[in-house]
Amino acid sequence: MSIEVSHRAARRRLALAGALGALLLGGCATTPSATEHRPDEAWLESASDCCRGLDSLPLSPLAGHDERTLRFGPETPVHRFDTGPSPFHAMELPRGMGPLRLELISRVRRDDQGHLSLFAPLVLILDETGAIQRRFDWRKFTYQPARGLNDDRLHLSFGITPSARADRLVVLTSDAARAAESELLHPARAQARARHLAEPAVVDPVAPHLASGEVSLRVRPLGESDGLLKPLLGSGGAEAVPTSEPPPEHEPVESAPLDWRRMIRAALDSGDLELAMTLAEHAERAGESGTRRWLAERLERR
């Protein structure tokens, strides 16, 4: 009898998860492809090119503590990049701040008819001449399913030290990104996974990639942003992390009381390889020779 009751309870939980998922989805399109709902973006092809090249993109300044929403659409400047025409935002990274943590989030949007869409970002780091030094395609972003009040989203977080080689941040999209679409996790399937139940036979919704949308940008000093350095740095925060600028020769160099390898292990344990590599670079500059090799050996054993 107790086994039958247990089975009935499990079936009720599964049914509840499916009903809740259907309710949360709110009647949006759940076909395998959302191409038929892709809006006309003729404005992009007809937009005039604002600039002659990457070295002449209009820049807005970023602060060491900064949060802003980057909006993309017909009112945004457009440049014909080598990856295709795109609206963009170009920002100048703040010098003298030491290493920073940049976090970008692009959320899935739903229009009045319930159709989904997503801005799939391409992130460029330019040097002071406008040459590309680093590139993060939208596929480098991590997909995070909807949870609670948070919508489905693409998330990217990385560390960077502003310098002559890392002078500007540009956020745009590309022809390849707009030709693709993202399959999302159906809420009912997410509920079943969370409860360790059998997943219901539902079709995951799909969000086409558009040239219009919004990206949230957050900038913080590296240690303050991720919380890994704070216990070791005390109230000094990220300012205690050595920057790429060497001190004047006439000033004595004090050894920073930092356990670099402990911080690198903490970064690896949290799954943040980018932070671990950044910390290894700073350790080498601080005189901890062999830290990069030590990190490489640990990665080979993982």
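This is a predicted model: local features need pLDDT of at least 70, side-chain atom pairs count only at pLDDT 80 or more; totals for chains, interfaces and linings use all residues.

Numbering runs from 1 along each chain as its sequence is written, and side-chain values use heavy atoms, without hydrogens or water.

The largest nonpolar core has 31 residues. Such a core is a set of buried Ala, Val, Leu, Ile, Met, Phe, Trp, Tyr and Cys residues joined through side-chain atoms within 4.5 Å. Buried means under 20% relative accessible area, exposed over 50%, partly exposed in between (1.4 Å probe, protein chains only). Among the members that touch the most others are Leu 102, Phe 158 and Leu 169. Strand β12 (153-160) is one of those supplying at least two residues; β12 gives the most, with four. Strands (E, at least two residues) and helices (H or I, at least four) are DSSP runs, numbered from the N terminus. A second, separate core of 14 residues includes Ile 264 and Trp 294.

Now the sheet. Five strands form an open, mixed sheet in the order β1-β5-β13-β9-β10. Strands pair if DSSP finds at least two bridges between them. β1 (60-61) and β10 (132-136) are the edges. Strand β5 (89-92) runs antiparallel to β13, joined by four bridges. His 89 stands opposite Val 171.

Back to β12, which holds His 155. Why does His 155 count as buried? Its relative accessibility is 16%. Among its contacts (heavy atoms within 4.5 Å) beyond four places in sequence are Glu 103, Leu 104 and Phe 141.
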